[in-house]
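Please read each point with the structure in view.

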Amino acid sequence: MTVVFSAAFAFQRKLIYLPSGGPLPSAAEVLPSGQDVTLTTSDGLRLGAWYFPVEDARAAVLVAPGNAGNRSLRLPLAEALNRRGMSVLLLDYRAYGGNPGSPSEEGLALDVRAARDFLVRQKPDRLLYFGESLGAAVVTELATEHPPDGLVLRSPFTELAAVGKRHYPFLPVNLLLRDRFPVSEYAQRLRVPVTVVYGAADSIVPPELSRAVADAANGRAVVVPGADHNDLVLLDGPEVVDAVAELAGG
């Protein structure tokens with residue numbers, strides 16, 4: 001059993017972070033308005049990202065993805081938000097989408113700050129954060145230091161250990177985890193509009209955890225009946241897009 005615990009501790013980030021690499025097409029190849037941008041983190045990494053501006057945008061949306069894949073998987077969300085008059089930045093963390101570096105809680109916090117810095121320089125009328133699953137943890141922490149005009153959290157967890165306990169009940173997850181992501185703790189400190197969208201049939205992040213985050217943030221909860229964690233309706237379905245558009249002002 002000691003060997004199992006040691007292996008779980010040593011390889012835990014391989015279980016948490018599941019990046020897809022590159023190379024990726026240019027942003028203009030996937031959407032005519034697309035722009036390839038480079039985000040420079042405070043620890044010196046240069047991260048590729050896609051920016052999809054719209055003229056006279058009602059808001060700019062920073063999209064922080066979940067723990068798997070790369071930004072290409074979030075393109076349908078960017079298209080849907082563009083159609084609703086919002087500019088979108090699709091972030092890829094370190095090690096994702098061909099980016100350098102190794103992911104960690106501390107590293108992702110630096111990555112999302114570089115993304116925010118880019119959007120602030122565009123001088124949007126409103127700045128919104130959208131976080132998907134693990135990305136919800138990333139943007140909630142960011143919001144405690146740099147509050148946006150609104151925050152949409154898709155399928156958030158209260159803390160990473162709560163998810164780990166559900167999937168690895170035989171391990172002392174609290175003792176083993178190096179990356180904590182205490183979302184509820186951060187959410188309690190927020191003083192901005194928060195909407196939490198989650199699936200009623202989520203098999204990855206239990207729905208009660210997402211509901212608890214909404215309660216901690218004094219936010220609005222939107223439940224998508226029958227939806228599991230990776231169902232397309234939670235990528236660019238009407239409940240998700242409408243939640244962002246409402247915070248953008250309509």
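1. Arg116. This residue lies in helix α5. Arg116 is buried, with a relative accessible area of 18%; buried means under 20% relative accessible area, exposed over 50%, and partly exposed in between, with a 1.4 Å probe and protein chains only. Neighbours within four places in sequence aside, Arg116 is in contact with Leu62, Leu127, Tyr129, Leu142 and His146, where contact means heavy atoms within 4.5 Å.

2. Basis of the model. This is a predicted model, in which local features need pLDDT of at least 70 and side-chain atom pairs count only at pLDDT 80 or more, while totals for chains, interfaces and linings use all residues. Residues are numbered from 1 along each chain as its sequence is written, and side-chain values use heavy atoms, with hydrogens and water left out.

3. Overall form. The protein has 12 helices and 10 strands; helices (H or I, at least four residues) and strands (E, at least two) are DSSP runs numbered from the N terminus. The radius of gyration is 17 Å, which agrees with the value near 18 Å that a compact globule of 250 residues would have. That radius is taken over C-alpha atoms, and the globule rule is 2.2 Å times the number of residues to the power 0.38. The C-alpha trace spans about 60 × 35 × 30 Å along its principal axes. Of the 250 residues, 55% are buried. Among contacts between residues at least 6 apart in sequence, 70% join residues at least 24 apart.

4. Helix α6. Why is helix α6 described as largely enclosed by the rest of the structure? The reason is that 10 of the 12 residues of this helix (residues 134-145) are buried. The buried residues of α6 include Leu134, Val138, Glu141 and Leu142. They pack against β4 (59-64), α5 (105-121), β7 (127-132), β8 (150-154) and α9 (183-187).

5. Nonpolar cores. A nonpolar core is a set of buried Ala, Val, Leu, Ile, Met, Phe, Trp, Tyr and Cys residues joined through side-chain atoms within 4.5 Å. In the largest one, which has 52 residues, Leu39 and Phe157 touch the most other members. Helix α6 gives the most to this core, with seven residues. A second, separate core of 31 residues includes Phe52, Val63, Leu77 and Leu81. Not counting residues up to four places away in sequence, Leu39 touches Leu45, Arg46, Leu47, Ala49, Leu91, Ala114, Ala115 and Phe118.

6. Backbone features to inspect. A cis peptide bond, with omega about 0°, joins Gly22 and Pro23; Pro23 lies in the loop between β1 (18-19) and α3 (27-30). Ala95 is not a glycine, yet has a positive phi of about 80°, and is placed in the loop between β6 (86-91) and α5. Ser155, also not a glycine, has a positive phi of about 55°. Ser155 sits in the loop between β8 and α7 (160-167) and counts as buried at 0% relative accessibility.

7. Gly219. Is Gly219 buried, exposed or partly exposed? At 26% relative accessibility, Gly219 counts as partly exposed. The residue is found in the loop between α10 (207-216) and β10 (220-224). Gly219 and Thr195 are 24 residues apart in sequence, and their C-alpha atoms are 5.5 Å apart in space. Beyond its neighbours within four places in sequence, Gly219 is in contact with Val194 and Ala214.
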